Amino acid sequence: MNWKRVFKSTEFYVAVVLLLLCMAVQIKSGQFFTGNNLVDITRAFSIPAMFCIGEMFVIITGGVDVSFPAIASMSMFIVCSEMEHMTSNPLAFFVVAMFIGLAIGLINGFIIAKFRFPALIVTLGTSSICFGIMQGVFKSREYPLCAPLYELGQTKLFSVTNSVSGLTSDMPIGVILMILLIFAGWFILNKTMLGRGIYAIGGDVKAAQRAGFNVFGILMFIYAFSGCMAGLIGVLRSTMLLAVHPNNLEGLEMTVIAACVLGGVRMAGGKGTVLGALLGMALLTIVDNSLILLDISTTWQKVFTGAIIIIGTAASALQAKRDERKLTVKLNEGGK
Amino acid sequence: METLKGFIDKDKNLARLLIVFVVVFAICAVLKGSLFLSVSNFQSMGKQFPEFGLLAIAMAFTLFTAGIDLSVVAIANLCAVLMAKVLPTLITPDTAASQATMMILLACCMAVMVGVLCGALNGFLIGVIGITPILATLGTQALFMGCAIVMTNGSTLGGLPKQLSAGINSNVAGIPVTILIFAVFAVFSAYIMSRTTIGYKLRMLGTSEKASTFSGFSNVKLYITNYVLSGLLSAVAGIIMLGRFNSAKADYGASYVMEAILIAVLGGVDPYGGKGNMKGVIVAIIIVQMISSWLNMYEGISNFYRQIIWGALLIFVLIYNYIVNEREKKKAMKG
């Protein structure tokens, strides 16, 4: 293992900051490294972390997808409100939601891959359409969760009780799905030709094309993947909340993008690791969670999120500038 | 006839938009007749569009340099919240009328200053530090909105002096004051964009950052100017929103970001930078407002359908512009 490279990576710095933060919270409140707090954090971490995988693929190719909360909310609301009396198999809900998500993802992918429009603007458009369909056509509202999904949501892996406060936290089974998805993301990026193609497109689209990658196909795949997973995660989210909250995910796209970038996924494309994105998400989740433990009013939450995004992205932007300067100097010296 | 042809050739985009404008107007007038053509309808339209119109112009400035400003609505709300915090302490019911007007103007100046500072922060992060515009304004959007939430505790601030909303909602010679404010800033923006060297330099920056650097322009200064303009326009939009709603909240107008992008793109501003002008954007603002008012006249169409229509329209316009551009490119190749 090349230690010098490890020390220079963004992931390393994020991990150090994360560790320091955990320590600080532990010293201040004494509640951080308790079983139930860790379970609570994992619970809060699981949904955004799953979104991170899909978003990461998109950002590595140089795009950005802001439509996944809308896709997740819409497919979740449609299956939960329309399929209630049709089936008692929870799996069916997931499959249909995934197909709805897949359809929207394919539309995103087609428009972006075919015309090469800025992905932000296109996905903003589809996001508006999805929320509109959910609220207008299906008249979304708070809705009780149907029985099969409710039962699924109540099953838990294990639960932990805090001996001091007496609070109990359950580990939802959704965590297994999260681990599977993270593994799938890692596998695709690192062990398949598709993953190479994703990095190649982010580095330079034309070069990727010349190298023989099917750019259209790969772009279609990543947006379709993001949409399909959004459908799945939407339903999973409802089982974890034990109710259908149609507007609950709005605004999550910002947190997820910020987490990816904090973890070293470069917005211009071509760079990023699964570990980095997850560390970034963990950092944001723990900041959110710790405000409560540190007795800071939750009204400050947005200020902290904004500040972290700005400081984190500023750090990586400055680093990129320095690297570029180094490279130019080297090239100039080489020329002499 | 010659002059008309010259006009169309000179600015095809604007000519196309004017045709769309006439068509939309005709459709609305035919389908909703007297209801659409009434004076009160035009007055209410005039009261509605200035706030998101100004935000659209702000957005157009940033799209013009191949950037984007996601924080426009957050800046507008922050300024409105600040004013709503300050004004009730300055003006009590027994303050003299002339003094109250002074105070309100002073508060407006303060709000605009804050908007300029917010914009300068965006420009600094993008120009000096080198963060991509999407991320920088995403961060500041959360930051500004967060500040507004902290100041309001997440609730709605009311209890504003009557003079403010009375002033903003009044008419001068039958024309709403908000339109006059909008007109001043719209003309100002159009002037900067097409008649000054700043506008020319911004166009250069949007076309190619490298070309701009090698032409000896200071990109840092240009980015800051660009985002300061956007912040200033957002602040003015915030003041209008404050007057119209007679209250301030951290998350008013959440759909305006999307609408602002739609209008700028519809107005012919290329999101890849360097193309478009303010005249097109201004026509687009009026087109969107007409469609919106017209949809409002159907009771069966809920607000949510508008979201679907705006989203679909945005993507449609993008594709349409793309096809037109490709065709023109081909023509140019042949010629």
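This is a predicted model: local features need pLDDT of at least 70, side-chain atom pairs count only at pLDDT 80 or more; totals for chains, interfaces and linings use all residues.
Residues are numbered from 1 along each chain as its sequence is written, and chains are lettered from A and ligands numbered from 1 in the order in which they are written.

Chain A contains 14 helices and 4 strands, where helices (H or I, at least four residues) and strands (E, at least two) are DSSP runs numbered from the N terminus. The radius of gyration of chain A is 21 Å, close to the 20 Å given by the globule rule for 336 residues, so chain A is as compact as a globular protein of that length. This radius is taken over C-alpha atoms, and the globule rule is 2.2 Å times the number of residues to the power 0.38. The C-alpha trace of chain A spans about 75 × 50 × 35 Å along its principal axes. Of its 336 residues, 47% count as buried (20 or more other C-beta atoms within 10 Å of the residue's own; exposed, 12 or fewer; partly exposed, in between; C-beta atoms are placed from the backbone). Among contacts in chain A between residues at least 6 apart in sequence, 75% join residues at least 24 apart; two residues are in contact if their C-beta atoms, placed from the backbone, lie within 7 Å.

Within chain A, helix α7 (residues 147-154) packs on helix α11 (residues 215-241) at an angle of about 70°, with the axes 7 Å apart. α7(A) is therefore roughly perpendicular to α11(A). Axes are lines fitted to C-alpha atoms, for helices over the stretch in contact, and angles run from 0 to 180 degrees between N-to-C directions. Angles under 35 degrees count as roughly parallel, over 145 as roughly antiparallel, 65 to 115 as roughly perpendicular and the rest as oblique. A:Leu149, A:Leu152 and A:Gly153 of α7(A) meet A:Ser238, A:Thr239 and A:Met240 of α11(A).

Chain B has 14 helices and 2 strands. Its radius of gyration is 21 Å, close to the 20 Å of the globule rule for 335 residues, so chain B too is as compact as a globular protein of that length. Of the 335 residues of chain B, 46% count as buried. B:Leu164 lies in helix α7 (residues 162-168) of chain B and counts as buried because it has 23 C-beta neighbours inside 10 Å. Beyond its neighbours within four places in sequence, B:Leu164 is in contact with B:Leu87, B:Ile104 and B:Gly243.

The contact between the chains takes 38 residues from chain A and 38 residues from chain B. On the side of chain A, α6(A) supplies the largest share, 13 residues. By class, this side has 26 nonpolar, 10 polar and 2 charged residues (Ala, Val, Leu, Ile, Met, Phe, Trp, Tyr, Cys and Pro count as nonpolar, Asp, Glu, Lys and Arg as charged, and the others, Gly among them, as polar). α12(A) and helix α6 (residues 133-152) of chain B pack at about 125°, with their axes 11 Å apart, and are therefore oblique to each other. The contact joins A:Met254, A:Ile257, A:Ala258 and A:Val261 of α12(A) to B:Leu135, B:Leu138 and B:Ala142 of α6(B). This helix contact has 7 nonpolar, no polar and no charged residues.
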